[in-house]
Amino acid sequence: MQSVIQVKNVSKKYRSHQVLQNIDLTVNKNEIYGLLGPSGAGKTTLVKMIAGIEIPTTGSISVLDSVMPKLNTMTQIGFMAQSDALYGELSGKENLEFFSSIYGLKGQKQKERIDQASDLVNLTNFLQKPVNQYSGGMKRRLSLAAALLHDPKILILDEPTVGIDPVLRQSIWDELYKLSKSGTTILVTTHVMDEAEKCSQLGMLRDGKIIASGSPRELKDNTSSTSIEEAFLYYGGAHHAN
């Protein structure tokens, strides 16, 4: 298996606050790797460092064989933040045109990628509307489309389905599977247990530490659990007992 993301002994501290401690993880090509943990566990900080937006206090992160942060590698990552970085006064289409121009897309290629990305997230009929008239779920979908515009090798999604109805959530996961099969590596953060079940590999994060990792099946089998939630509670209990 070819690894595309390697996090080695990474810690992150803001002044006296230790956010992450001694994180090791490997994400292989085409995987959907899930980071599962409650709010405040350090998931967002970790994915921002992998995307090259933040720098570790100690340890190293390499993405596509480059030590991060590296600008050339960052252009091959599609990053969808937890809060939507959209321009409310612009239409959905204008937002996508703006973001695609940042990625150097223009002309026919730009139009094709905007059409494909907006179709993927089921927003084609709403692209003329100003974004400040969008619902929360529509904004999340537009953010996902923006992250997909430049056909990135790696997609990093921070809580991508928050505020999205269950039917659309399932359709987005169907698209993530398709992207994964066609060669995109996906790193997704979630605190939703049934979403964690959909990932090919999982890292369980609690209090800034990885308490367990493996496939959902392995994590359940190793703890004789019937659900990921049960396995998470088991590892969390064992972690706190140490």
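How far apart do the end C-alpha atoms of residues 5-232 lie? They lie 24 Å apart.

**View 1. The annotated span of the predicted model.** The model is predicted, and local features need pLDDT of at least 70, side-chain atom pairs count only at pLDDT 80 or more, and totals for chains, interfaces and linings use all residues. Residues are numbered from 1 along each chain as its sequence is written, and side-chain values use heavy atoms, with hydrogens and water left out. An unreviewed UniProt entry annotates residues 5-232 as "domain: ABC transporter"; such annotations may be inferred rather than shown by experiment. The span is 36% helix and 27% strand (DSSP runs: helices H or I, at least four residues; strands E, at least two).

**View 2. The aromatic pair Y87 and F99.** Five aromatic pairs occur in the structure (ring centres within 6.5 Å; planes under 30 degrees apart are stacked, over 60 edge-to-face, the rest tilted). The ring centres of Y87 and F99 are 6.4 Å apart with planes at 35°, so this pair is tilted. Because Y87 lies in the loop between β6 (77-80) and α3 (92-102) and F99 in helix α3, the pair ties together parts 12 residues apart in sequence. Y87 is partly exposed at 35% relative accessibility, whereas F99 is buried at 16% (buried, under 20% relative accessible area; exposed, over 50%; partly exposed, in between; 1.4 Å probe, protein chains only). Together with F98, these residues form one aromatic cluster.

View 3. W173 is buried, with a relative accessible area of 1%, while Y177 is partly exposed at 29%.

Note on methods
Phe/Tyr/Trp six-rings, centres within 6.5 Å; stacked < 30°, edge-to-face > 60°.
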